[in-house]
Amino acid sequence: MHLLVYLPLVVTVLAALAARTLSDRLPPVTATWLLTGSAVVLAATTGAVLGLLALTALIQVPMIAATGDWSARFISQHDPASLPVAILAGGALTVAATAAARTLWRRGRAIAVAHRHARELPGNGKVVIAEDEAPDAYTLPGVPCRIVVTTGMLRVLSRPEQRVLLAHERAHAAWYHYLFTTAARLAAAANPLLRPVAAEVGYTVERWADERAAALTGDRKVTAHAIARAALAAKETPVRDPDALGVIGALARGKRPGPVPRRVAALLRPAPRHNALLLLVALALVGVAGVSALAAARDLHALLELAQGGH
Amino acid sequence: MRGDVQRASVSRRKGGELESAVLAVLQAARAPLSPGEVREQLDDDLAYTTVVTILSRLHAKGVLERRKEGRAFVYTPVADEPGLAARRLAKMLDAEPDRQAVLARFVSNLSESDEELLRRMLG
């Protein structure tokens with residue numbers, strides 16, 4: 001069980017290291033599904049192995065062992081994990097579960113508020129134009145999602161660029177992109193090693209919408225220019241409530257280009273082609289993590305059965 | 001357009017939602033309305049004093065303008081419909097810690113070096 005237990009952790013670290021490469025090399029739709037799915041599976045498997053490790057500590061407590069009719073001596077002789085490691089795992093699992101619950105609660109509330117407002121926005125149309133000088137545009141989670149575009153944003157864009165903007169936001173709305181980013185964020189709350197993966201999902205859904213806009217308008221260059229122009233205009237006339245998180249993000253990024261230049265650069269290159277090999281390798285690694293967690297669970301179960309006969 | 005907000009039964013709703021219903025009536029009217037006229041246009045039977053309370057609350061929030069006409073006040077929305085809705089929305093979302101995360105923004109904030117990079121890309 002020893003080695004198997006640590007494999008999901010190894011794969012999680014690999015995923016964090018490979019996330020950026022995957023989102024650059026794979027078509028954004030594939031990358032979004034792959035990264036979101038991997039984040040969820042890896043968070044679940046690392047949670048599961050932490051739980052298994054913690055269990056090995058519990059079953060060595062004589063009183064608990066007695067209720068299960070296991071031989072505590074037999075179990076400690078076969079030393080599934082050292083007691084300090086097991087206790088540490090239990091602590092980590094508690095922290096992870098608490099963090100995930102907290103994130104779920106916060107994000108759930110924010111989505112609920114957004115849903116209500118998506119319903120309350122005037123009109124029945126998907127798109128709402130707001131009278132506001134600050135150039136801004138966003139998709140509001142809801143059923144259906146609603147799109148808000150300010151007059152300030154429309155003013156800085158040409159007609160073809162406005163079409164890009166609407167196609168981009170419609171893609172966010174049609175595919176419920178907030179569900180992907182929320183799932184990835186939850187996974188990263190439960191396992192902080194997955195944070196780079198969750199950050200890349202935030203980027204790949206933007207790329208997904210960008211590629212969709214480029215396909216609908218048939219012009220990658222106009223799409224790239226629309227994004228660049230909108231971002232530059234938004235910087236000149238910031239939205240009234242400057243996003244404190246964004247500032248922290250910019251500081252943390254340092255000299256590395258932020259998401260907007262990355263998106264523009266990606267559009268000025270040809271669309272990424274399918275890369276079956278890369279996808280298969282990534283899926284295989286996530287599969288290894290899942291299988292090893294299952295195998296570790298089976299090992300523990302077998303040990304418990306033996307311990308029952310081991311009096 | 002206004003139907004959606006108005007059709008839903010007002011009686012089942014609480015404070016904030018009553019305000020939305022009253023606001024929707026005034027926005028649809030496009031002319032100043034007295035509390036009595038607002039009350040007539042709401043689907044539910046609200047007490048006259050309830051309507052007056054909601055109107056004064058909205059006025060205190062800066063959402064409605066009012067002027068004296070005869071013995072009562074008449075009310076109009078301060079801003080146009082979408083602008084107002086967007087502003088109210090922004091206010092409500094501000095209270096949520098995850099507010100920025102749930103909005104899929106067209107463009108995120110630029111750092112100084114990002115700005116330079118973009119200007120060069122645009123050529």
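Modeller: Two residues are in contact when heavy atoms of theirs lie within 4.5 Å. Keep that in mind as we look at this predicted model, where local features need pLDDT of at least 70, side-chain atom pairs count only at pLDDT 80 or more, and totals for chains, interfaces and linings use all residues. Residues are numbered from 1 along each chain as its sequence is written, chains are lettered from A and ligands numbered from 1 in the order in which they are written, and side-chain values use heavy atoms, with hydrogens and water left out.

Biologist: How many helices and strands are there in chain A?

Modeller: Helices (H or I, at least four residues) and strands (E, at least two) are DSSP runs, numbered from the N terminus. Chain A has 13 helices and 3 strands, and its C-alpha trace spans about 80 × 40 × 35 Å along the principal axes.

Biologist: At what angle do helix α2 and helix α5 of chain A pack?

Modeller: Axes are lines fitted to C-alpha atoms, for helices over the stretch in contact, and angles run from 0 to 180 degrees between N-to-C directions. Here α2(A), residues 28–58, and α5(A), residues 83–120, pack at about 135 degrees, with axes 7 Å apart. That makes α2(A) oblique to α5(A); under 35 degrees counts as roughly parallel, over 145 as roughly antiparallel, 65 to 115 as roughly perpendicular, and the rest as oblique.

Biologist: Which residues in α2(A) meet α5(A)?

Modeller: Among them are A:Gly47, A:Leu50, A:Gly51 and A:Ala54, and the α5(A) side includes A:Val85, A:Ala86, A:Ala89 and A:Gly90. By class, this contact of α2(A) with α5(A) has 11 nonpolar, 4 polar and no charged residues. Ala, Val, Leu, Ile, Met, Phe, Trp, Tyr, Cys and Pro count as nonpolar, Asp, Glu, Lys and Arg as charged, and the others, Gly among them, as polar.

Biologist: Where does A:Ala190 lie?

Modeller: A:Ala190 is in helix α8 of chain A, residues 177–190. Setting aside residues up to four places away in sequence, A:Ala190 touches A:Ala96 and A:Ala100. A:Ala190 and A:Ala100 are 90 residues apart in sequence, yet their C-alpha atoms are 4.9 Å apart in space.

Biologist: Why does A:Ala190 count as partly exposed?

Modeller: Because its relative accessibility is 24%; buried means under 20% relative accessible area, exposed over 50%, and partly exposed in between (1.4 Å probe, protein chains only). For chain A, 47% of the 311 residues count as buried. In chain B, buried residues make up 41% of 123.

Biologist: What pattern does chain B follow along the sequence?

Modeller: Chain B reads α-α-α-α-β-β-α-α-β-α, which comes to 7 helices and 3 strands.

Biologist: How many degrees separate the axes of helix α10 of chain A and helix α7 of chain B where they cross?

Modeller: Roughly 140 degrees: the axes of α10(A), residues 220–236, and α7(B), residues 112–122, come within 10 Å. These two helices are therefore oblique to each other. The contact of α10(A) with α7(B) has 5 nonpolar, 1 polar and 5 charged residues. Among those that meet are A:His225, A:Lys235 and A:Glu236 in α10(A), and B:Glu112, B:Glu115 and B:Arg119 in α7(B).

Biologist: What share of the contacts in chain A with a separation of 6 or more comes from residues 24 or more positions apart?

Modeller: In chain A that share is 75%, while in chain B it is 44%.
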